[in-house]
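Please look over the model below before reading on. The text that follows goes through a few of its residues in turn.

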Amino acid sequence: NVRGVFLCTKFAIPEMAKNGGGAIVNTASIVAAVGIRNRAAYVASKGAVAALTRAVAVDHVGLGIRCNAIAP
């Protein structure tokens, strides 16, 4: 979950910056906040996606790049 989000973001940001900005939408999960039984790795990976989303949003707002996550 996290590696794919990270790599897509890593390569998308330079292209978005060249074009004056853009939007990244990641798929997190509500389990990042509440957790579920017997799924520690999944919960941890979705929590990492949520944290990465917040970090990218803060780091690249000056470039006109927005980063948000949906959490079904």
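**Helix 1 and beyond**

The side chains of Glu-15 and Lys-18 are joined by a polar contact of 3.2 Å. A polar contact is a pair of N or O atoms within 3.5 Å; within protein, one must be able to donate a hydrogen and the other to accept it, and residues adjacent in sequence count only if both atoms are side-chain atoms. The model is predicted: local features need pLDDT of at least 70, side-chain atom pairs count only at pLDDT 80 or more, and totals for chains, interfaces and linings use all residues. Residues are numbered from 1 along each chain as its sequence is written, and side-chain values use heavy atoms, with hydrogens and water left out.

Glu-15 lies in helix 1. Helices (H or I, at least four residues) and strands (E, at least two) are DSSP runs, numbered from the N terminus. Glu-15 counts as partly exposed because its relative accessibility is 42%. On this scale buried means under 20% relative accessible area, exposed over 50%, and partly exposed in between (1.4 Å probe, protein chains only). From Glu-15 to Arg-39 there are 24 residues in sequence and 35 Å in space, C-alpha to C-alpha.

Helix 1, residues 2-18, also holds Thr-9. Is Thr-9 buried or exposed? Thr-9 is buried, because its relative accessibility is 6%. Leaving out residues up to four places away in sequence, Thr-9 touches Ile-24, Asn-26 and Val-56, where contact means heavy atoms within 4.5 Å.

Phe-6 is another residue found in helix 1. With a relative accessible area of 42%, Phe-6 is partly exposed. Together with Leu-7 and Phe-11, Phe-6 makes a nonpolar surface patch of about 300 Å². Patches are made of residues with over 30% relative accessible area and no salt bridge; like charges are joined within 9 Å, nonpolar side chains (Val, Leu, Ile, Met, Phe, Trp, Tyr) within 5 Å. A salt bridge is a side-chain nitrogen of Lys or Arg within 4 Å of a carboxyl oxygen of Asp or Glu.

Two loop residues remain. Ser-29 sits in the loop between strand 1 (22-27) and helix 2 (31-34). Its relative accessible area is 9%, so Ser-29 is buried. Apart from neighbours within four places in sequence, Ser-29 is in contact with Tyr-42, Lys-46, Ile-70, Ala-71 and Pro-72.

Asn-38 belongs to the loop between helix 2 and helix 3 (40-60). Asn-38 is exposed, because its relative accessible area is 64%. Although not a glycine, Asn-38 has a positive phi of about 60°.

Note on methods: Areas by Shrake-Rupley, 256 points an atom, 1.4 Å probe, with all protein chains shown as cover.
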